[in-house]
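Welcome! Try each one before reading its solution.

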Amino acid sequence: MTEPTRPQLDAAARTLALLVAPVRLHLLWLAIDGEYDVGTLADRAGVSITTASQHLAKLRLAGLITARREGRRHIYTVDDPHILTLVDQILAHITPSGTLAPNPPLRDRERVTRRLTGVRG
C-alpha cells in the first residue's frame with residue numbers, strides 16, 4: 001500500500017470534515033439510497049427545507065452529491081461508488097445504538113492483523 005501524499009491527506013480530511021454534521025451524513029445516506037428532491041430529503045432527515053438546502057449545497061460543492069434539474073426541482077443523488085463505500089463502511093463500524101460494532105468480518109480482521117504485524121499477503 002502506497003503512503004498517501006499531503007494533497008491526498010488534505011483532501012481526505014476536508015471530505016471527512018464535511019461529514020462531521022450528522023444531518024449531512026444522513027442526507028448523504030438518503031441520496032445514496034435513491035433520487036430525491038430537497039423537500040423529501042428534508043422531511044426524511046427531520047430538518048427544514050432551508051437547513052437541508054444549505055447542507056446539500058456544501059455536499060454538492062465538495063462533489064459528494066450530484067443534482068439535476070427536473071422542471072423547477074433539483075433531484076439529488078450519489079453517483080460515486082467511493083462515497084457509497086465510505087458511508088457504508090463507517091455505518092457498518094457503528095451499531096444502531098451508537099457503539100462500535102464488534103467483530104469486523106474475518107477478512108478485514110486478517111488484513112488489519114497483517115498490516116499491524118508487517119506481514120504481506
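**Exercise 1.** With which side chain does the side chain of Asp37 make a polar contact?

*Solution.* First, a word on the model: it is predicted, so local features need pLDDT of at least 70 and side-chain atom pairs count only at pLDDT 80 or more, while totals for chains, interfaces and linings use all residues. Residues are numbered from 1 along each chain as its sequence is written, and side-chain values use heavy atoms, leaving out hydrogens and water.

The partner is the side chain of Arg73, at 2.9 Å. A polar contact is a pair of N or O atoms within 3.5 Å, where one must be able to donate a hydrogen and the other to accept it.

**Exercise 2.** Is Asp37 buried or exposed?

*Solution.* Its relative accessible area is 15%. Buried means under 20%, exposed over 50%, and partly exposed in between, with a 1.4 Å probe and protein chains only. Asp37 is therefore buried.

**Exercise 3.** How do the axes of α2 and α5 cross?

*Solution.* Step one: the axes, lines fitted to C-alpha atoms over the stretch in contact, come within 10 Å and cross at roughly 120°. Step two: angles under 35 degrees are roughly parallel, over 145 roughly antiparallel, 65 to 115 roughly perpendicular, and the rest oblique. α2 and α5 are therefore oblique to each other. Step three: find the contact (heavy atoms within 4.5 Å), where Leu28 is one of the α2 residues and Val87 one of those from α5.

Definitions and conventions: Axes are lines fitted to C-alpha atoms, for helices over the stretch in contact, and angles run from 0 to 180 degrees between N-to-C directions. Helices (H or I, at least four residues) and strands (E, at least two) are DSSP runs, numbered from the N terminus.
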